Amino acid sequence: MAYQRVEVLTGRERRRSYTSAEKVRMVEEAFRPGVVVTEAARRLGVHESLLYRWRDLLKVGGTSVAEPPSFVAVTITPEPSVTEPPVVEPPEPLPLPAAPTTRPAVLEVILPSGARLRLEGPVDPALAAAVVGALA
């Protein structure tokens with residue numbers, strides 16, 4: 001791997017500075033489909049973290065890469081007051097089930113003590129268990 005460009009920095013400033021247009025061009029070049037960002041960063045002579053940072057700034061701030069995103073003015077308005085309560089329509093009644101054509105269920109239990117328990121129709125299972133437990 002040979003470097004094609006050598007840049008010598010002289011003077012007090014050791015950091016390179018790039019214009020917004022250069023940053024946009026580098027980000028567009030590095031994040032094209034099929035391009036490896038690490039290789040593009042090496043070819044462009046910048047660290048890949050800069051390319052990611054510039055890309056994030058482009059997403060947030062539009063086209064200005066040099067300036068970080070700023071605050072946006074927000075206006076808070078009170079909610080409109082409601083003078084009349086909203087009209088609530090009652091739900092439509094559910095249709096009644098058809099009358100059963102079979103006889104209701106019957107549960108008859110004869111306990112060892114001789115007591116007889118007879119339950120007809122729909123019965124809550126918890127209630128039936130409690131009654132049988134109390135009689136046993």
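A search of the whole structure, which is a predicted model, turns up four salt bridges, each a side-chain nitrogen of Lys or Arg within 4 Å of a carboxyl oxygen of Asp or Glu. Arg25 pairs with Glu29 in this way, with the closest N and O atoms 3.4 Å apart. Because these two residues sit four apart in helix H1, about one helical turn separates Arg25 from Glu29. Local features need pLDDT of at least 70 and side-chain atom pairs pLDDT 80 or more, while totals for chains, interfaces and linings use all residues. Residues are numbered from 1 along each chain as its sequence is written, and side-chain values use heavy atoms, leaving out hydrogens and water.

Arg25 and Glu29 turn up again where helices meet. Helix H1 (residues 20-30) and helix H2 (residues 37-44) have axes that come within 9 Å and cross at roughly 140°. Helices here are DSSP runs of H or I with at least four residues, numbered from the N terminus; axes are lines fitted to C-alpha atoms over the stretch in contact, with angles from 0 to 180 degrees between N-to-C directions. On the H1 side, the contact (heavy atoms within 4.5 Å) involves Arg25, Met26, Glu29 and Ala30, and on the H2 side Val37, Ala40, Arg43 and Leu44. By class, that makes five nonpolar, no polar and three charged residues, where Ala, Val, Leu, Ile, Met, Phe, Trp, Tyr, Cys and Pro count as nonpolar, Asp, Glu, Lys and Arg as charged, and the others, Gly among them, as polar.
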